[in-house]
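The sequence and structure come first.

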Amino acid sequence: MKSTDRGCRKPWNKTMTKVVSERFEFELVAKCQDLHEVIENDVPLEAHERKHDGEDAERIIKEQLEFLTVQRDNIQKRTFTRWANVQLKPDGVAVDDLYDDLKDGLKLIALLENLSKKPIKKTQRVKMNIHKLQNLEYALRHLEKEGVKLVNISNEDILSGNHKLTLGLIWTIICRYQFENLSMGNVTGGKLKSLLLAKCNQSIMIGYPPAKAHNFTSSFQDGMAFCAMVAAHAPDAIDMEVVKEMEPISRHELAFKVAEERFDVHQLLEPSDTVNNPDEKSIMTYIAALTAKLPDLGVHVDVATVEDYANHARAVKQFLGDKKGSWDNDPLPVTVETIQAEIDALRSSERTRCQTSTRRSTCSLKLSRIWKEKQIQTS
């Protein structure tokens, strides 16, 4: 047997030769097919190469989007699992894997019973799928009775462990029960975000105004907004001047630690997730839990007020957008002389209008006097 001291490589054998030969043959066939397309269809070689470059770019973008989707789902799974465990803790129940542990319906029913404070019918023995489906059906029907609108979510989706729909179901439950604890009612969509943003900014503007939040992603990415919220209620625990010099990860760790120690708000977020990939729903879930536990500042936000403000802001934005084109095409005068000429023309126009109005009034008085004199003479 020959020595294999060159990097401890194995000796070449017939099997390896066959594998390499088949691989070379496969690549050669692929290259020939590409060249056949070029020759057969009279396609310029450069255009052919650009086509494949475009296909590669499209494939890379698709793969990147899929990666980001999986990353977002993993962040939401962690946050929602922790949120569910906070609600289930009094019953001594815990969720380890959100996708698997809800399949039999028992933990989902326990979660809903704890949140709604109402009993739900269930089957304890769940050896067969039919029993699991029945429990899941009981849970979904309970949500509908609670006024929760379920869209395209069935018991079979939860039983199969559908990631997207399972996350969607938990988010629906959070919207129904977590946000209702903030006296926000059963609001969704834009109203929900606007109102929650206004509520958290009440604390931020007291703790550290420059950290005012404008959204639930980038505004919380550096950790300043989280620290400002907690500092407004625990200024002795968080010094914002010190926080400004800290790294984003350290800011998150400090805010989450103080919130848990002082206000019993469990850490639902991973600092690295919020810094590197802030997820809107995950951050909203934590902000809602934090806001529910923080002391009342005595400032209340009305949904109608927030919505009215948002409508006015949208109207102003639309007006400016509509006017921008005309302003670009017909710019305002930019020199002192032209501005003065515009002012003089406006004054002259106003003066002429006033003089015309005065003459009309004088004529009217004269006609009225003549009419009265004629009446006297006739009588």
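## Basis

Helices, as named here, are DSSP runs of H or I with at least four residues, numbered from the N terminus. The model is predicted.

## Helix α4 and the residue after it

Helix α4 spans residues 106-116 and is mostly covered, with eight of its eleven residues buried. Those buried residues are Leu108, Ile109, Ala110, Leu111, Leu112, Asn114, Leu115 and Ser116.

Lys117 follows α4. The phi of Lys117 is positive, near 60 degrees.

## Packing of α9 and α13

Two packed helices are described by the angle between their axes and the distance between the axes. For helix α9 (residues 224-231) and helix α13 (residues 280-293), the angle is about 10 degrees and the axes are 12 Å apart. Because angles under 35 degrees count as roughly parallel, α9 is roughly parallel to α13.

On the α9 side, the contact involves Phe226, Met229 and Val230. These residues meet Ile283, Tyr286, Ile287, Leu290 and Thr291 of α13. By class, the contact of α9 with α13 has seven nonpolar residues, one polar residue and no charged residues.

## Thr79 in α2

Is Thr79 buried or exposed? Thr79, which lies in helix α2 (residues 45-88), has a relative accessible area of 2%. Buried means under 20% relative accessible area, so Thr79 is buried.

Leaving aside residues up to four places away in sequence, Thr79 touches Leu268, Leu269, Ser282 and Thr285.

Note on methods. Residues are numbered from 1 along each chain as its sequence is written. This is a predicted model: local features need pLDDT of at least 70, side-chain atom pairs count only at pLDDT 80 or more; totals for chains, interfaces and linings use all residues. Side-chain values use heavy atoms; hydrogens and water are left out. Axes are lines fitted to C-alpha atoms, for helices over the stretch in contact, and angles run from 0 to 180 degrees between N-to-C directions. Helices (H or I, at least four residues) and strands (E, at least two) are DSSP runs, numbered from the N terminus. Angles under 35 degrees count as roughly parallel, over 145 as roughly antiparallel, 65 to 115 as roughly perpendicular and the rest as oblique. Contact means heavy atoms within 4.5 Å. Ala, Val, Leu, Ile, Met, Phe, Trp, Tyr, Cys and Pro count as nonpolar, Asp, Glu, Lys and Arg as charged, and the others, Gly among them, as polar. Buried means under 20% relative accessible area, exposed over 50%, partly exposed in between (1.4 Å probe, protein chains only).
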